[in-house]
Amino acid sequence: MKAQYCFSCMNELAGQVASCPYCHAVLPYRIKDPNDLPAGMVLKKRYLVGRSLGRGGFGATYIARDLKKDKILTIKEYFPEFACLRNPGSNFVAFKPGTEDKFLSYQKEFRAEAQHLKMLRDIPGVVQYCDFFEAFGTCYLVMTYLEGKTLKDVQLEQHRPFSLQE
């Protein structure tokens, strides 16, 4: 029997449930952004894509599960919304008219970021590089998944900015 996972936290589920017993997400998971990769998609015959963790100027980050090593990871997709879009009904990324040069130029920077992260893999406190590959007209950086709150969340909870020492 094929394992089922919660696409919100990527933990394995035992049978049909209405909500995840780990993260309490309502199931089935629904994509919120039409540019997101579909939850449940498998990249490189290995990485099961879950929910989007966030989106920035140059791409989206997803929680994922490495089906080969059976561990939770993070996948960063190069997807600058100002320069591209996902073809409807497809996972392929296409250039917006007149943006091909910018898309390709920034993609080189994304590749360089992956190479720099790979070189820093033995430094404590730096997220660990796991893999880099190209598919669907773009590229993907796979890293370890770090669970917890973001610095922004902590700052909002404290109702004050961080001091320089913090």
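1. A residue is termed exposed when its relative accessible area is over 50%, and buried when that area is under 20%. The model under discussion is a predicted one. Lysine 152 has a relative accessible area of 60%, and therefore counts as exposed. Lysine 152 belongs to helix 2, which covers residues 151–158. Between the C-alpha atoms of lysine 152 and phenylalanine 162 the separation is 9.8 Å, with the two residues 10 apart along the chain.

2. The largest nonpolar core comprises 14 residues, and those touching the most other members are Phe103, Phe110, Tyr129, Phe132 and Leu141. At least two residues of this core come from each of helix 1 (100–119), strand 9 (129–135) and strand 10 (138–144). Helix 1 provides the largest share, namely four residues.

3. Which residues does leucine 141 touch, when those up to four places away in sequence are not counted? Its contacts are Thr74, Ile75, Lys76, Phe110, Glu113, Ala114, Leu117, Tyr129, Asp131 and Phe132. Among them, Phe110, Tyr129 and Phe132 are also listed with Leu141 as the core members that touch the most others.

4. The largest pocket contains about 570 Å³ of space. Its lining consists of 22 residues, and Leu53, Thr61, Thr74, Leu146 and Thr150 are the ones nearest the centre. Two or more lining residues are given by each of strand 4 (47–56), strand 5 (59–66), strand 6 (71–78) and strand 10. Strand 4 accounts for the largest share, with five residues. By class, the lining of this pocket has seven nonpolar, nine polar and six charged residues.

5. How many cavities of 30 Å³ or more are found? The count is one. The largest cavity holds about 30 Å³ of space. Tyr29, Ile31, Asp36, Leu37, Ala39, Gly50, Arg51, Ser52 and Tyr62 form its lining. Five of these lining residues are nonpolar, two are polar and two are charged.

6. Strand 4 deserves a separate remark. To the lining of the largest cavity strand 4 gives the most, three residues, and in the lining of the largest pocket strand 4 again has the largest share.

Note on methods: Residues numbered from 1 in each chain as written. Predicted model: local features only at pLDDT ≥ 70, side-chain atom pairs only at ≥ 80, totals over all residues. Heavy atoms only, no water. Core = buried A, V, L, I, M, F, W, Y, C linked by side-chain atoms within 4.5 Å. Buried < 20%, exposed > 50% of the residue type's maximum accessible area, 1.4 Å probe, protein only. Contact = heavy atoms within 4.5 Å. 1 Å grid on protein atoms, 1.4 Å probe; cavity = no way out; pocket = protein on both sides within 12 Å on 5 of 7 lines; lining within 4 Å. Points joined across faces, edges and corners; volume = space filled by probe spheres on them. Nonpolar A, V, L, I, M, F, W, Y, C, P; charged D, E, K, R; others polar.
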